[in-house]
Amino acid sequence: MSSKSPDESTTPRDSQTESATETMNLVEAVRHALHTEMARNERVMVLGEDVAENGGVFRATAGLLESFGGERVVDTPLAESGIVGTAIGLAMTEMRPVAELQFMGFAYPAFDQLVSHAARMRSRSHGQYTVPMVVRAPYGGGIRAPEHHSESKEAFFVHEPGLKVVVPSTPADAKGLLIASIRDPDPVVFLEPKLVYRAFREDVPTDAYGTPLGEASIRREGSDVTVYTWGAMVHPTLIAADNVADEDGIDVEVVDLRTLSPLDVETVVDSFEKTGRAVIVHEAPKTAGLGAEIAATIQEEALLHQEAPISRVAGYDVPMPLHELEDYYLPQALRIQEGIREAVSF
Amino acid sequence: MSTQNEADQQPDSATAHGTADPLQILDADGTVLSNATVPDLSDGDLIAMYEDIKLARRFDQRAISLQRQGRIATYAPMTGQEGAQVATGYALAAQDWLLPTYREHAAKYVHGMDLASLLKPLCGLREGYAIPDDVNVMPEYIPIATQVPQATGMAWGKQRQGETDTAVLCHFGDGATSEGDFHEGLNFAGVFDVPTVFVCNNNQWAISVPREHQTASETIAQKAAAYGIEGVRVDGLDPLAVYAVTRAALQKAKNPADDERRPTLIEAVQYRYGAHTTADDPSTYREEDEAEDWREKDPLDRMQNFLTNRGLLDDDLEAEIDERIETQLTEAVESVEAATTDPATMFDHVYDVLPARLREQRAELESLREKYGDDAFHEVLE
Ligand SMILES: Cc1ncc(C[n+]2csc(CCOP(=O)(O)OP(=O)(O)O)c2C)c(N)n1
């Protein structure tokens with residue numbers, strides 16, 4: 001069993017090349033990425049609850065069954081440990097499974113397979129066996145979903161060495177990052193911000209490009225303070241950045257991490273060295289959320305550039321409330337602005 | 001409520017292996033089958049059962065329309081399944097425990113939850129999961145099959161504490177039988193021989209995945225054999241049959257005969273007429289005329305005919321029932337829509353004593369609300 005096949009490298013798209021584009025929202029971009037990669041590589045298969053006939057409860061896999069047939073687009077029994085466990089087995093035979101967990105809140109039955117096996121098969125076998133698979137799951141709040149449907153528990157996965165954790169915030173990134181994840185030789189947990197699924201559209205290149213994993217993206221350049229965030233929270237952060245620019249003349253840099261593991265420490269540190277101030281925004285509960293890791297990394301790497309306490313604007317340390325109160329739980333532009341102003345006025 | 005004649009409930013060997021045809025008492029028209037015995041329920045109970053089934057159906061229609069108007073969030077309809085829900089509820093004694101799913105609205109109601117409480121979580125009110133005192137119903141279980149081992153544990157606990165007159169019943173769907181928790185829960189129940197009744201409301205679909213694609217077993221009831229417990233199949237659209245089977249299982253759970261094991265897996269064979277939830281569109285995965293055959297065995301119609309044939313139901317009583325149902329529903333909707341929830345309550349009941357850090361977070365939220373007002377929190381993404 002080889003750990004890497006020749007066609008698995010990620011080819012970053014050359015921005016100079018002209019490529020056709022199509023306007024898509026994030027969920028359409030996910031579907032487009034799956035379609036593109038399945039057409040290119042017949043070992044790629046999609047499996048999960050309701051992914052085939054129904055096209056996924058969010059329609060992320062709609063049309064794949066028609067294009068690629070029931071052997072490659074597979075409705076599984078309702079069993080997350082079964083889905084991820086069999087995906088691990090498939091991956092070890094050089095298939096390229098893309099498993100869907102219907103919601104991140106239902107990942108826990110599969111957690112054992114992910115952390116005890118997918119994450120460490122490479123190291124346990126000293127590189128002999130690898131698990132090149134992707135586990136996709138919609139995550140996050142803000143859509144009035146029932147209990148257990150709105151959590152953002154990325155830190156659980158980031159804590160596990162051997163897993164990669166990717167969270168796109170835009171359609172174009174969703175496509176590029178998903179293709180790169182499928183081509184990646186390691187297991188990738190790919191978290192899709194369902195608040196953004198249909199929030200807006202943008203032009204997405206139609207070619208088979210991969211957006212490299214492990215590279216953050218600077219969504220907005222600024223010199224006064226850096227806000228680090230990812231996924232759904234990128235958008236209220238950009239709104240907050242515009243608001244404080246208008247109202248207070250604060251020049252905010254917004255770093256969208258895109259890959260949470262491995263973290264792009266270089267971009268994180270470079271931006272901090274430029275601004276000297278950091279606010280980290282995430283919707284997960286504050287305690288032991290990824291914000292803590294980013295703050296500690298900045299302290300370790302760039303303490304002497306620091307001009308204000310690093311602050312976190314995060315979900316509260318309570319179970320995600322039902323929808324009447326979710327607007328109070330999630331960091332909205334309001335709370336992010338407060339955080340930014342505090343960091344700058346220190 | 002008393003139990004049915006024991007003799008009628010002795011499973012034949014096929015039933016014991018869980019592969020027999022589903023047990024029926026009423027035929028599709030609601031006529032009592034010639035070899036069947038009507039459970040020993042009073043006329044009043046039979047009419048009340050009918051009324052509850054009808055209430056459940058009206059609740060369902062109202063909830064779907066409230067969802068369409070944006071007044072409640074995603075709702076899991078139960079039309080077609082009310083008979084089984086109400087019947088299992090009637091089989092429970094007040095001291096028994098019920099661990100329901102997100103679809104068991106009627107079962108919860110019958111076991112003591114008021115209508116308004118059913119609507120509260122759908123209105124996004126966290127306190128909606130609070131259980132009124134003296135009602136032995138757990139908050140609905142949303143992660144699939146997670147209630148199954150818990151039901152076993154609760155039954156074990158009751159047994160250990162000498163509450164020999166208490167059983168625990170949990171519901172789940174056919175899809176749930178694929179999860180590890182289902183197997184672990186039944187296995188423990190068999191090993192520790194605890195008073196649990198597992199009711200699979202096999203409505204043929206787990207969202208878009210049909211029963212045949214969920215398991216290669218011929219039936220769900222037969223899975224019981226693997227755990228050394230009894231499996232029974234019953235017509236889930238026949239409320240009297242579901243009542244009889246559940247009642248017998250609860251009796252056995254509490255007081256088994258010498259060679260009997262306490263736990264039972266009941267497969268109530270039925271159909272989900274409508275969408276999985278209001279967020280689902282069944283036309284993408286199934287033929288809608290599939291529902292028609294099942295509708296011919298509709299539990300509400302069957303009970304109505306059964307009661308009319310017995311001379312227990314006429315137009316006057318029907319009108320009275322309808323009026324009572326509409327009043328109850330209107331009152332419930334009004335009371336829930338009048339309810340508000342204070343944002344600070346999200347910090348309540350996370351711990352016994354609120355840790356300092358959470359007190360700070362609560363204070364921070366309060367001061368932001370004071371400073372900016374509540375509207376500022378509801379600005380949404382462009
Ligand atoms: C652990 C888990 N995985 C996935 C889901 C998403 N989900 C909700 S309902 C459902 C189908 C359940 O089917 P079934 O058990 O047959 O019950 P039914 O809804 O038909 O009553 C799924 C997959 C969930 N709630 N929990």
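This is a predicted model: local features need pLDDT of at least 70, side-chain atom pairs count only at pLDDT 80 or more; totals for chains, interfaces and linings use all residues.
Let's start with the helices, in chain B. Two packed helices are described by the angle between their axes and the distance between the axes. Helix α3 of chain B spans residues 43-68, and helix α12 of chain B spans residues 299-309. Their axes come within 10 Å. They cross at roughly 150°. Angles over 145 degrees count as roughly antiparallel, so that is how α3(B) and α12(B) run relative to each other. The crossing of α3(B) and α12(B) is left-handed.

Which residues of α3(B) and α12(B) meet? From α3(B), look for B:L46, B:I47, B:M49, B:Y50, B:I53, B:K54 and B:R57. From α12(B), look for B:P299, B:L300, B:M303, B:Q304, B:F306 and B:L307. The residues of this contact divide into 10 nonpolar, one polar and two charged.

Next, cavities. The count comes to six cavities of 30 Å³ or more.

Last stop, B:A93. Where does B:A93 lie? In the loop between α4 (82-91) and β1 (97-99) of chain B. Leaving aside neighbours within four places in sequence, B:A93 is in contact with B:H111 and B:K254. Now bring in B:A167. B:A93 and B:A167 are 74 residues apart along the chain. Their C-alpha atoms are separated by 8.6 Å.

Conventions
Residues are numbered from 1 along each chain as its sequence is written. Chains are lettered from A and ligands numbered from 1 in the order in which they are written. Side-chain values use heavy atoms; hydrogens and water are left out. Axes are lines fitted to C-alpha atoms, for helices over the stretch in contact, and angles run from 0 to 180 degrees between N-to-C directions. Helices (H or I, at least four residues) and strands (E, at least two) are DSSP runs, numbered from the N terminus. Angles under 35 degrees count as roughly parallel, over 145 as roughly antiparallel, 65 to 115 as roughly perpendicular and the rest as oblique. A crossing is left-handed if the near helix is turned anticlockwise from the far one by less than a right angle, and right-handed if clockwise. Contact means heavy atoms within 4.5 Å. Ala, Val, Leu, Ile, Met, Phe, Trp, Tyr, Cys and Pro count as nonpolar, Asp, Glu, Lys and Arg as charged, and the others, Gly among them, as polar. On a 1 Å grid over the protein atoms alone, a cavity is a set of points where a 1.4 Å probe fits but cannot get out, and a pocket is an open set with protein on both sides within 12 Å along at least five of seven lines; lining residues have an atom within 4 Å of a point. Grid points are joined across faces, edges and corners, and a volume is the space filled by probe spheres set on the points.
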